[in-house]
Amino acid sequence: MTFIKKSILFLSLISVVSCSAEETPSAPPISDITIDNFPIIDGSDSTDPLRTILMCKILGFNYKWERRPFTQEPGADIKMIVPEYTCSEDERIYLSTHCLKQSNTHMSFMNLIDDKVEMVIAARLISRDEKVYAEENGVTLIGKPIAKDALTFMVNPLNPVNNLSISQLQRIYTGEITNWKEVGGNDEEINPFVRNRNSGSQEKFETLVMDGLTIGDFPELQVGLTMMSPYYQLEEDKQGIGYSPFYYYSVIVDNGSTRAIGINGVEMTKENIISNTYPYTTEVYAAVRSDIDRNSTAYKLFEFLTTAEGQNIVNESGYVPLDKASSVRSIYGANDITLSTIYTDLQGISHKTRQKGIMIKTDVYRDGKKHSTKILAE
């Protein structure tokens, strides 16, 4: 199977900071969520099963896991959730095409900023580029962790290396280590691959693993901008190394085309995510706009995800539930959600809402901190 063949068939379908609460909050009233008012939810490819199961549970549909072709090539399949709809065909189409969007991580956040969707469930925080775009449009987001995952490093199954230290991994990706024999493998050149900018995996890799180190000039995965890229690449390249969310590796793909390696002597297993012993344990996030109607069905679902019942759905999807429920924070990193927003005109007069002309926008948080002011114009 050629790389180009695989890449042209599908694009990626793909992904806020946390603060622990002492107790799991009580469930918000979601019994009034129906097909007609079900919110528009977008997100990363890796969180698609969770979004679909959430819809099924809320609306009372059964579902099943099935392997479906990712491309038309034999054996190129993934596991996905297939709802068993008990509604009209028009309602099924409405739910599957209007309410459950399947954008990649980057586009889902862009859609949320543009107010095209009501909630995002993704495997990462907002990216640097998305934050700039949000600020340019006078938009802030709020979000919270809803599940635990991990960034998994993978090699070809024929590669004898089973573990890398954090230092070895970083030095491979800075270009200091170039041969597998330097880390206990065969005398072969290492082929490190990176994901495309703004992908969920790439953002996590740069911030969680490299942490400010300069990444070598390595090629992006040759098979395109899909979540399956690392699997296609490493299936045919026994000298390569790449990365992917553990959930996608272990639940959605799970076909033996790649093999996860341990980091710092800790195996890449679900048990080690639960215990927080794996070094690159991460979180999955839900995000909404800060101006969302707190009585909307989207906000009810946003709150529901970290209730005991919501965490049961997270667990049923195959993700690792949170240790404790997490409360909301501003995506800009203040200690709580926005308490108020003040708009000031050039005469120094404050307004509660944005007016025409040049304004200075200041977000004031509950802890007294202020977000950097922004000059807006209409």
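Figure 1. Strands (E, at least two residues) and helices (H or I, at least four) are DSSP runs, numbered from the N terminus. Keep in mind that this is a predicted model: local features need pLDDT of at least 70, side-chain atom pairs count only at pLDDT 80 or more, and totals for chains, interfaces and linings use all residues. Residues are numbered from 1 along each chain as its sequence is written, and side-chain values use heavy atoms, leaving out hydrogens and water.

**Figure 2. The pairing partners of strand 11.** Two strands pair if DSSP finds at least two bridges between them. Strand 4 (residues 119–122) pairs with strand 11 in the antiparallel sense over 3 bridges, while strand 5 (residues 141–155) and strand 11 are also antiparallel, over 9 bridges. Look for alanine 287 in strand 11: valine 120 has it as a bridge partner, and glycine 143 stands opposite alanine 287 too.

Figure 3. You'll find serine 290 in the loop between strand 11 and helix 11 (297–304). With a relative accessibility of 22%, serine 290 counts as partly exposed.

Figure 4. How far apart are the end C-alpha atoms of helix 2? They are 17 Å apart, which agrees with the 16 Å that the 12 residues (48–59) should span at 1.5 Å a residue. That expected span is 1.5 Å times one less than the number of residues. Helix 2 is largely enclosed by the rest of the structure, because 11 of its 12 residues are buried. Among them are Asp48, Arg51, Leu54, Met55 and Cys56. Glycine 60 follows helix 2, and its phi is positive, near 85 degrees.

**Figure 5. Two loop residues with positive phi.** Aspartate 211 sits in the loop between helix 7 (200–210) and helix 8 (229–236). Its phi is near 50 degrees, a positive value in a residue other than glycine. Aspartate 211 is exposed, with a relative accessible area of 61%. Asparagine 276 is in the loop between helix 10 (270–274) and strand 11, and its phi is near 65 degrees, again positive in a residue other than glycine. At 41% relative accessible area, asparagine 276 is partly exposed.

**Figure 6. The largest cavity.** A cavity is a set of points, on a 1 Å grid over the protein atoms alone, where a 1.4 Å probe fits but cannot get out; lining residues have an atom within 4 Å of a point. The largest cavity has a volume of about 50 Å³, meaning the space filled by probe spheres set on the points, which are joined across faces, edges and corners. Lining residues include Lys148, Phe246, Ser250, Lys270 and Tyr319. Which helix gives the largest share of the lining? Helix 9 does, with 4 residues. Strand 5, helix 9 (246–253) and helix 10 each supply at least two.

Notes:
Buried < 20%, exposed > 50% of the residue type's maximum accessible area, 1.4 Å probe, protein only. 1 Å grid on protein atoms, 1.4 Å probe; cavity = no way out; pocket = protein on both sides within 12 Å on 5 of 7 lines; lining within 4 Å.
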